[in-house]
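Subject: Structure for your files

Hello,

Here is the structure I promised to pass on. My notes on helix packing follow below it.

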Amino acid sequence: MTDQSLRRTDELLTELVEMVETARVLPMSSSCVLPRERVLDLLDGLRETMPPEMDEARRTISRREELLHEAARRAEAAVAAATEHAERIMAEAQAHSTEILTAGRTEHARLVSQTEIHTAARDRAAEIQRQAREVAEAHRADLAAEQHRAADELARLRAEALADAQRSAEQVRAEAEAYAAKLAADAEDYTDRTLADLADRLQRAAATAEQGRIALAGRREHGRGQQSGRPADDREPGRPPAPPG
């Protein structure tokens, strides 16, 4: 929160305090009359001075699904790239196997034409076929491993994005709650001081009113004494008459 925001918050609170202190008090009540529109304007102004981290928390929470979707897209792209790479390797392996098989068949046909090496040609063709199967199995295993790594990367990216969003939201929420608690405590302190001052004023007003009643009673008694022809006693003005006897 910047110094300018703090100054603006202090100005709004000061104006709100002065408005409450100078508000007209309703008769026979501790309530007072406040200009509604002005009070709402001041409260709107206070809301505008709230720390920007609260808006950032809202944006972070709202972007959580977007972050997860983006992480999923990246993982899917990685899986697609790995699949394409594996398919390319598989195609190359199949082409190589085809070449080997073709060469084997050619070699086998040539060897078959020669009776003396027929057995050697058959064994050579079998070995070529075995090598081709081994190459295909190796490439197939590589493809499975690549897909497994891509799936693990997708899970990791999703977990990291969710953890980052949750940490950011928790941090901003904690800061906002601390700031709100401070504002609430300040408001309670101000309310307590205002009520104490109002109670003191009411006590002084009650004492003044009681003194006025005593003075009024003395003037009434003095007036009745003059109307009945009795000599006025030498009591001080405003003092109530002494009880008889």
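This is a predicted model.

The crossing of α1 and α2 is left-handed. Their axes come within 9 Å and cross at roughly 155 degrees. Since angles over 145 degrees count as roughly antiparallel, α1 is therefore roughly antiparallel to α2. On the α1 side the contact is made by T9, L12, L13, E15, L16 and M19, and on the α2 side by R38, V39, L42, G45 and L46. Sorted by class, these are seven nonpolar, two polar and two charged residues.

The largest nonpolar core has six residues: L12, L16, M19, V39, L42 and L46. Both α1 (3-21) and α2 (36-48) supply at least two residues of this core. Within it, L16 touches V39 and L42, leaving aside residues up to four places away in sequence. As general background, nonpolar side chains in soluble globular proteins tend to be buried together.

T9, V17, V20 and E21 of α1 make the contact with Y179, Y190 and R201 of α5. By class, that contact has four nonpolar, one polar and two charged residues.

Regards

How values were computed
Residues numbered from 1 in each chain as written. Predicted model: local features only at pLDDT ≥ 70, side-chain atom pairs only at ≥ 80, totals over all residues. Heavy atoms only, no water. Core = buried A, V, L, I, M, F, W, Y, C linked by side-chain atoms within 4.5 Å. Buried < 20%, exposed > 50% of the residue type's maximum accessible area, 1.4 Å probe, protein only. Helix = DSSP H or I, 4+ residues; strand = E, 2+ residues; numbered from the N terminus. Contact = heavy atoms within 4.5 Å. Axes fitted to C-alpha atoms, helices over the stretch in contact; angles between N-to-C directions. Parallel < 35°, antiparallel > 145°, perpendicular 65-115°, else oblique. Left-handed = near helix turned anticlockwise from the far one by under 90°. Nonpolar A, V, L, I, M, F, W, Y, C, P; charged D, E, K, R; others polar.
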